[in-house]
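Please keep the sequence and the structure in view while you read.

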Amino acid sequence: MNELIQLNLSNLTGRKYWRSLNQLADTPEFRQWVEREFPEGASELLDSGSRRTLLKLMAAGFGLAGLTACRRPVEKILPLSKGVEGYVHGRPLHYATAVQACGAATGLIVECNDGRPTKVEGNPRHPFSLGATNAFQQAMILDLYDPDRARQVQKQGVKSGWAQFESWWLEAASKLGDGAGLRILSPRTASPSLDALKAEIAKKYPNSVWVEYDAVNFDRVVEGARLAFGQPLMPQYRFDQADVVVALDCDFLGLDTMTAQPVKQFAARRRPEEGRELNRLYAVEPNFTVTGAMADHRLRARASDIAAVALALARELNVSGAELKVLDGAGGRQKKFLAAVAKDLLAHKGRSLVLAGPRQPAEVHALVALINQALGNLGQTVSYTRPPFAPADSLAAVRQLAGDLAAGRVTVLFALGGNPVYSLPADHNWAELFRKTAAVALAFDENETWKAALWQLPEAHPFEAWGDVRALDGTASIQQPQIQPLFGGRSALEIAALIAGRPQRRGYDIVRSYWTSQWGADAEKKWQQALYEGVIEGTRFPAVEVKADAARVLAAIQPALKAAPAGIETVFYPSWHTFDGRFANNAWMQETPDPMTKLVWDNAALLSPATARRLGVQDGDVLELSAGGRQIHCPAMVLPGHADDSISLQLGFGRAACGRVGRGVGHRVEGLRAEANFWFGPAEVRRTGAKYKLVTTQEHHTLIEPITGLKRNNIVEEFTVEEYRRRAEHGKHEPHPPTDLFPEFDYSKGYQWGMAIDLNACIGCNACMVACTAENNIPVVGKEQVGKGREMHWIRLDRYFSGEEDDPQAVMQPMACVQCEKAPCESVCPVAATAHSPEGINEMAYNRCVGTRYCLNNCPYKVRRFNFLNWNKDVPEIRKMVFNPDVTVRMRGVMEKCNYCVQRIEEKRSQAKAEGRRPIRDGEVLTACQQVCPADAIVFGNINDPESRVAKLKRQARDYAVLEELNTKPRTTYLARLRNPNPELV
Amino acid sequence: MADLAIDPRMELNPPLVQGGMTYSDVTDKISSIVEGKAPKRWYIGMAVAVPLALLLFACLGYLVATGIGVWGNNSPVGWGWDITNFVWWIGIGHAGTLISAILFLFRQKWRTSINRAAEAMTLFAVACAAIYPLFHTGRPWRAAYWLFPLPNEYLHMWQNFRSPLMWDVFAVSTYGTVSALFWFVGLIPDLATLRDRATTPLRKKIYGLLSLGWRGSATQWRHYELAYLLLAGLSTPLVLSVHSIVSFDFATSLLPGWHTTIFPPYFVAGAVFSGFAMVVTLMTLARWIYGLENLITMKHLENMCKVMLATGMIVGFAYGTEFFIAWYSANQYERFIFLNRAFGPYWWAYWSMIACNVVAPQFFWFQRFRTSIPAMFILSIFINIGMWFERFVIIATSLHRDFLPSSWGYFRPTWVDIGTYVGTIGLFLTLFLLFLRFLPAIAISEVKGVLHQQVSAGQAAPVHGGSH
Amino acid sequence: MLEAVLSRLGLPGYESGAQQQVYGVIGEFATPEDLLRAIRTARAAGYTQMEAYSPFPIHGVDEALGAPRSPLGRIVIVFGLLGLSAAVLLQWWTGAVDYKLIIAGKPLFAFEPSVPIMFELSVLLSAFATVLGLFHLTRLPTYYHPLFNYSRHAAASNDRFLLAIEARDPKFRAEEAKLFLDSCGSLHTEVVEA
Amino acid sequence: MSAPFSKRFDTKLRLAAAAAVAVLGAAGAVAAYVFHPRQLDTGYTPVQPVAYSHKLHAGNLGMDCLYCHTTVTQASYAAVPMTEICMNCHVRVKEKSPKLQAIRDSYATGKPVAWVKVHRLPDYVYFNHRAHVTAGVSCVSCHGRVDQMTEVRQVQPLSMAWCLDCHRNPAPHIRPPELVTKLDWQPEGDPAVLGARLIREKGIHPPDNCSACHR
């Protein structure tokens with residue numbers, strides 16, 4: 001296997017590799033020809049997306065597509081000189097790998113077309129992927145081809161090279177002695193090979209310090225375990241075992257765990273069809289997160305009040321036997337809520353789970369651990385293992401580092417990856433501190449840290465470099481490169497090897513040698529297997545036996561739990577767009593709306609309607625937030641269901657030094673984030689009077705009509721478990737078949753594709769949107785155009801609030817083309833550019849479309865997207881490498897929409913035929929959205945086969961068609977959202 | 001039409017041709033417009049119209065080069081000003097055909113001195129209208145695919161004839177063609193007159209060629225009259241069909257606010273309404289420019305005011321019916337869309353429409369307004385505006401808030417939208433002024449026919465002796 | 001060169017030996033009534049081949065001249081039906097025969113959605129038939145006509161009404177006819193050559 | 001006053017009109033013929049960087065198409081062979097021939113040989129060799145008797161209409177899959193009969209809906 005990698009990497013650099021094999025019509029002759037043919041349109045032609053676009057415009061130019069053939073651009077075919085094992089031109093290859101974020105790894109499988117990675121999928125073998133990924137991992141592929149990546153080794157902005165740098169380092173290293181002046185700053189890593197190198201470095205430079213810091217981290221979780229059990233541990237949850245889950249300021253379905261595992265496990269308990277009773281989720285949180293949206297009961301509380309809530313809950317449960325002092329803050333409604341929750345928990349001892357979010361202080365985590373212990377959940381729904389990364393209080397370490405830098409005790413500072421200057425606590429002016437020393441920045445793009453460093457080194461993308469990573473439970477995977485570094489970047493691992501003075505510096509050798517030393521004898525076989533499976537056998541950490549003495553722990557932590565001061569506080573959250581800023585230059589993520597606010601290309605200060613009313617603030621009013629003598633400006637946005645007197649801020653915006661996509665997008669809130677209020681803390685709020693345009697993809701956020709005040713009932717169906725049980729007894733209600741003017745078309749034969757989307761599983765995590773974008777070459781249009789209502793997503797997530805504005809419930813509804821059998825769009829198209837396939841897919845022939853937009857007007861689901869402008873006009877060459885070769889890139893004036901990933905269907909069909917004309921198996925064709933969905937909310941298949949999963953789901957009593965009475969006969973139907981309320985709280 | 005059916009005997013009184021004109025006076029008066037120098041007012045008109053027409057071409061060029069994105073159209077509002085203007089222009093066209101065809105069949109002799117200009121107006125309006133369906137795709141060259149069912153060896157592909165847009169293509173092109181034929185046939189005898197009067201050889205050649213050698217022989221007149229009758233007979237159902245079919249673009253969709261059965265009659269009435277308003281606007285202008293008081297008499301204008309009053313009431317009634325049906329249907333979406341029109345974000349458009357289309361024409365109950373040039377001019381402008389708003393309201397307010405609240409939006413026009421619209425008005429006026437300048441704006445032979453009846457009724461002096 | 005060929009063919013205008021021919025005698029009248037009176041008298045006098053010229057159609061002239069009804073109507077009907085069937089064929093063949101595309105699960109061909117185009121094409125072809133029929137029946141465009149040799153032919157498109165007794169009339173004698181028209185009150189009579 | 005136009009003018013006018021009609025008609029006919037894909041798209045014979053003769057290799061030497069175009073049965077592309085494949089033989093055969101210099105260079109340097117593409121489909125068309133070859137559509141149906149071409153020439157229009165003709169009536173072009181590369185193979189009797197039988201047995205039904213080729 002590795003020979004294969006070596007081979008295909010040694011052949012050509014990624015770029016040429018791709019150019020040649022994809023036979024891009026980009027030869028000089030061709031360009032000349034184009035200019036000759038279209039003097040006026042030529043410019044547009046030449047930079048308009050891939051050649052697909054070119055040819056489409058030519059077709060247009062000649063009026064009749066066929067005529068293009070009469071002018072024949074000379075196209076070259078450049079076959080490989082020498083073969084590559086296993087490579088068949090036109091057949092994608094799949095390699096297992098793994099990437100990590102915030103010290104947690106997820107296993108991936110990357111699809112490579114003709115040598116260029118084009119699509120990311122989850123690795124079913126990996127415990128934290130289970131075949132799914134989140135939106136960010138889908139978008140990583142775009143970062144790989146980011147034209148604004150760091151491309152060149154520089155010294156203070158002056159072009160230099162690796163050789164020069166290495167000689168500089170050897171020079172510097174010789175003066176380091178015991179390494180007292182050496183500091184290394186890196187993101188949290190859970191890499192065995194790197195740990196080994198750390199050890200070597202520590203041996204070589206005993207007084208050097210390696211600081212690990214992430215803007216979003218699990219420090220407090222691990223600390224909490226230390227408080228409770230006396231040793232730093234990482235909790236491992238089993239949501240699938242929990243009948244009752246209580247999440248205290250923990251968005252475990254969203255951004256508080258960067259993996260698919262919790263969602264998979266949780267969603268498994270939301271399907272009554274599978275026999276297991278529905279679990280019940282209580283959420284207590286300041287912000288309205290997707291976890292809160294999934295909750296059966298939700299309590300709004302400021303982040304600083306969570307401690308009080310936890311303590312009150314602990315008392316209700318009588319965890320210690322002794323009476324607890326309860327902080328004020330838990331008010332009347334809270335008391336009722338907590339009493340009910342406690343009762344429910346006690347009723348489910350050993351089958352319940354309480355957890356707190358990484359924002360909460362260690363004491364709360366300790367208390368939560370205690371509660372779980374009291375409920376007998378330890379070992380059942382939650383167990384503890386050692387953390388995959390070196391446990392440390394990174395804030396303290398960073399403080400120490402700042403001190404050392406300020407005092408000039410540091411001679412050489414390595415910043416290996418991440419963007420510390422941007423994301424480190426605002427107590428210090430890090431740019432200044434960096435300039436005080438010889439700072440070496442290994443950075444992926446020319447970010448703030450890069451700008452502040454002496455030596456500027458381009459970092460390799462995880463898809464370009466060898467490495468190994470541990471998942472949260474310790475499971476290790478080999479990080480396998482998919483393509484040679486496009487811009488000669490190197491990985492942190494390789495730099496570490498340089499620092500450690502290792503002879504071999506290639507990532508491959510480092511990783512290979514480490515694991516060979518681990519395996520000994522049959523290393524080769526194990527290595528092959530590790531690469532093939534993407535996980536390494538027997539590396540998962542065993543659960544640690546833990547026992548805490550309740551009284552002692554409580555005595556220890558109770559003084560630490562202070563009553564929250566009244567007044568407004570700010571809470572820092574990772575962003576759905578940029579996470580902590582690392583995806584700021586990723587257009588896919590910027591344009592994918594926040595699941596709750598539907599905001600794009602921006603962050604905002606989220607506050608509750610009541611607070612907004614009190615402050616006299618409306619959407620778009622720019623606020624000045626100040627704390628600890630620091631000020632930031634951020635536009636306000638009112639979010640129904642947000643806790644009062646609390647303002648949620650998303651990290652990772654307002655990047656000063658960033659690529660063309662992310663530069664100056666949003667507002668930087670890190671400026672307010674100091675050690676004291678690293679996660680949350682009190683703040684002053686003032687209206688600046690300025691206005692700022694926030695753009696959302698959803699104008700109206702409830703199903704209640706304005707003017708009439710009526711609710712629209714046939715869009716989203718919701719039942720309580722009780723109602724559903726009763727309904728199920730009567731079986732699925734079939735609507736009276738309306739009498740049609742014309743005879744039905746016969747869809748009874750062959751494959752008939754259909755889809756079922758489970759609103760009860762969908763958490764609205766956006767993964768499907770990004771996966772669809774990657775699979776179908778969906779263009780990005782930018783903030784202004786989205787503001788005009790011209791976003792291009794084929795699948796979108798409609799979010800509807802219900803109930804009172806201050807404390808509503810929310811439901812997410814993925815909405816893509818529902819493939820109506822009686823499609824309103826088809827009958828109105830004058831050129832039959834959209835017609836039906838005999839298999840029930842509403843097809844869109846881009847090259848036929850003339851662009852009347854009548855179909856868009858007549859689509860009741862408004863899922864059709866029109867290329868109002870040439871969105872691919874300014875796509876840089878390198879960026880084109882991400883295009884999926886199986887899907888046409890659309891030009892302006894063309895309508896497009898979801899087609900059930902017909903390219904995937906056709907691929908499987910021809911495969912099935914080649915294999916002795918066997919039928920396509922159920923589950924063989926996965927649409928991009930289905931494949932990525934961590935909640936398995938989307939099921940696609942042949943509805944003509946009664947045994948197919950989709951057919952079975954469609955027989956459920958909660959299966960319904962959106963806007964059924966229009967008689968469009970959609971092939972995509974929905975499974976109603978179920979709620980499992982606690983009788984005592986309704 | 002009932003209120004217009006003038007008794008054949010009464011129609012001559014007051015006489016349609018006034019000022020005791022003779023046959024030759026008629027000839028001289030009308031021909032002089034073409035033969036004499038253009039008045040200053042004509043140049044003023046052109047000075048306004050031509051730059052606007054150029055603006056149109058600038059905007060279209062920009063559109064084609066850049067894409068539909070330069071307009072305000074978006075999702076959900078896929079059609080904005082483009083189709084609004086299209087329907088508006090087509091509607092305006094209707095008055096011409098109606099006057100020349102339907103009133104002809106109804107033997108409404110008073111039509112004679114306005115029908116020629118009205119038909120010209122039809123042609124130019126249709127020309128302006130046709131621009132929009134062609135350019136609203138942003139890639140007009142693709143029109144080759146869909147405007148004509150071209151058999152071709154490359155694709156084996158055909159249009160989808162179930163699509164109302166396809167019906168539109170046929171309806172509008174047929175309408176344009178037939179109107180043009182009708183108009184030209186009417187012109188032939190008058191062109192012959194101009195030929196015979198021509199003083200310069202060039203004019204003689206040009207008008208000679210255009211008049212195809214017409215001699216006015218009894219044989220020619222015999223076929224000619226039948227042909228004219230047939231064309232009128234064909235145009236009448238045609239003109240009714242065109243706006244019915246345009247209304248199908250909306251009526252056959254399933255969008256609340258579009259999906260309704262009263263559209264065909266409602267659209268036709270609206271078309272006639274706006275058409276007559278435009279005729280009045282233009283006629284009052286033509287009168288002002290060329291002083292045609294004796295030919296375009298107050299009686300013509302007053303009758304047209306009556307037509308506007310009648311059609312205005314029909315349209316107003318239609319608005320009411322829509323609301324009633326929306327309520328009566330008990331369909332939530334239907335109800336909402338109409339309430340949203342009146343009280344939603346586009347309330348201003350809706351109420352402007354009501355004010356201009358329902359309130360304004362009520363003034364025509366009073367003869368004082370029906371016979372006052374300034375009054376009818378202003379009111380006709382109001383009605384033109386109101387009818388534009390009607391189309392905008394139907395299109396934009398129905399689209400911007402349809403079924404799924406998640407995909408609701410709002411439409412804002414860009415400067416290109418505005419430029420394109422104003423531009424077509426410029427093009428229209430340019431063409432009309434050129435027409436006034438170079439072609440007989442009034443049907444000479446027809447007026448003489450009417451005059452002859454007056455003569456035989458002893459109401460006019462046909463000749464003062466032989467004019468040697 | 002071309003001229004030579006044409007004259008060998010002896011096409012109109014190139015007849016060999018341009019022998020002087022007479023079109024007829026034309027008289028001019030001030031009012032339609034005078035014209036009608038003249039025609040009637042002429043008919044009474046036995047003239048059969050006559051043509052009247054007037055600036056606008058005059059009722060009664062045809063009857064007076066004894067002209068047959070125009071056949072235009074029948075032509076138009078035929079073409080109208082042609083258009084109708086063309087529309088049906090077009091929509092049926094393209095939709096249900098040549099490329100059977102499934103559109104919104106509707107039948108490949110149905111009568112209802114085909115009506116508009118059926119109507120439009122009928123009207124279109126009818127209109128063409130009307131105009132082309134008219135041109136055919138009235139021989140338009142024909143730019144030369146003996147009438148134009150009549151010195152005051154222009155009056156016919158202004159305010160005068162002409163009556164021509166044509167040479168092909170068996171009873172035609174130029175001088176007689178001239179005298180005859182004068183006797184009918186012609187304001188100006190001429191013998192007009194072809 | 002004399003007549004504005006002479007008698008001759010009418011004559012000339014009619015003659016001119018007749019001439020115009022004739023010319024336009026002729027022009028139309030010519031255009032219809034010239035612009036027909038059969039004329040317009042076929043016959044393209046670019047000069048290749050290496051004068052490779054299919055006639056020699058596939059014809060005289062009787063090499064199977066699949067020897068070089070290895071991927072037709074596995075992928076949508078019928079890959080043009082890698083230099084390696086040429087060298088399999090040409091390390092021994094004609095290893096000195098100047099004609100093969102480009103090949104040897106490519107093999108030495110690893111730089112590909114820039115073959116010129118002959119059969120080009122518009123970009124929004126997705127043709128799949130695997131689907132056709134495994135169903136028993138012979139190479140000859142689309143590429144003609146390549147085994148008789150010294151220089152490869154496009155013999156079929158490859159227009160959508162042309163594709164549809166076969167998709168709607170595949171019988172004459174279906175043969176047992178193992179025979180697809182036998183370009184000169186002819187079944188005894190009418191190929192359509194055999195094709196029809198194979199179609200029945202294997203349940204072949206070529207699609208003619210849009211997404212079969214356009215995605």
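## Chain C against chain D

Between chain C and chain D there are 2 salt bridges; a salt bridge here is a side-chain nitrogen of Lys or Arg within 4 Å of a carboxyl oxygen of Asp or Glu. Glu3(C) and Lys12(D) form a salt bridge through their side chains, at 3.8 Å from N to O. The side of chain C that touches chain D has 11 nonpolar, 5 polar and 4 charged residues. In this scheme Ala, Val, Leu, Ile, Met, Phe, Trp, Tyr, Cys and Pro are nonpolar, Asp, Glu, Lys and Arg are charged, and the others, Gly among them, are polar. The rule also finds 9 residue pairs in polar contact across this interface, both residues at pLDDT 80 or more. A polar contact is a pair of N or O atoms within 3.5 Å; within protein, one must be able to donate a hydrogen and the other to accept it, and residues adjacent in sequence count only if both atoms are side-chain atoms.

Contact pairs 20 residues of chain C with 20 residues of chain D, where contact means heavy atoms within 4.5 Å. The two chains bury about 1700 Å², with 58% from carbon and sulfur atoms. Buried area is the accessible area (1.4 Å probe) that two parts lose on being put together, summed over both. Tyr99(C), Tyr143(C) and Tyr144(C) give 35% of what chain C buries against chain D, more than any other three residues.

## Basis of the model

This is a predicted model: local features need pLDDT of at least 70, side-chain atom pairs count only at pLDDT 80 or more, and totals for chains, interfaces and linings use all residues. Residues are numbered from 1 along each chain as its sequence is written, chains are lettered from A and ligands numbered from 1 in the order in which they are written, and side-chain values use heavy atoms, with hydrogens and water left out.

## Chain B against chain A

Here 62 residues of chain B contact 69 residues of chain A. The buried area is about 5200 Å², 58% of it on carbon and sulfur atoms. The salt bridge count is 2. Arg853(A) and Asp82(B) make a salt bridge, at 2.9 Å from N to O.

Which elements of chain B give two or more residues to the side that touches chain A? They are helices H2 (40-66), H5 (143-147), H6 (164-197), H8 (218-251) and H11 (332-343). Helices (H or I, at least four residues) and strands (E, at least two) are DSSP runs, numbered from the N terminus. H11(B) gives the largest share, 6 residues. By class, this side of chain B holds 33 nonpolar, 22 polar and 7 charged residues.

## Domains of chain A

Chain A is assigned domain 1 (9-21 + 700-981), domain 2 (234-383) and domain 3 (568-696). Such bounds come from an automatic or database domain assignment. The centres of domains 2 and 3 of chain A, taken over C-alpha atoms, are 27 Å apart. Their contact takes 22 residues from domain 2 and 23 residues from domain 3.

Domains 2 and 3 of chain A bury about 1800 Å² between them, 68% of it on carbon and sulfur atoms. Leu255(A), Asn287(A) and Arg359(A) supply 36% of the area that domain 2 buries against domain 3, more than any other three residues. The rule finds 2 salt bridges across this interface. The side chains of Asp644(A) and Arg300(A) meet in a salt bridge at 3.2 Å, N to O.

## A sheet in chain A

Four strands of chain A form an open, mixed sheet in the order S37-S30-S39-S38. Two strands pair if DSSP finds at least two bridges between them. Strands S37 (938-942) and S38 (959-960) of chain A are at the edges with a single partner strand each, so one side of each has no neighbour in the sheet. S38(A) runs antiparallel to S39(A) (972-975), joined by 2 bridges. Asp959(A) is opposite Leu975(A) in S39(A).

## Backbone details

Ser75(B) and Pro76(B) are joined by a cis peptide bond, with omega about 15°. Pro76(B) lies in the loop between H2 and H3 (81-105) of chain B. Leu140(C) to Pro141(C) is also cis, with omega near -10°. Tyr900(A) is not a glycine, yet its phi is positive, about 60°.
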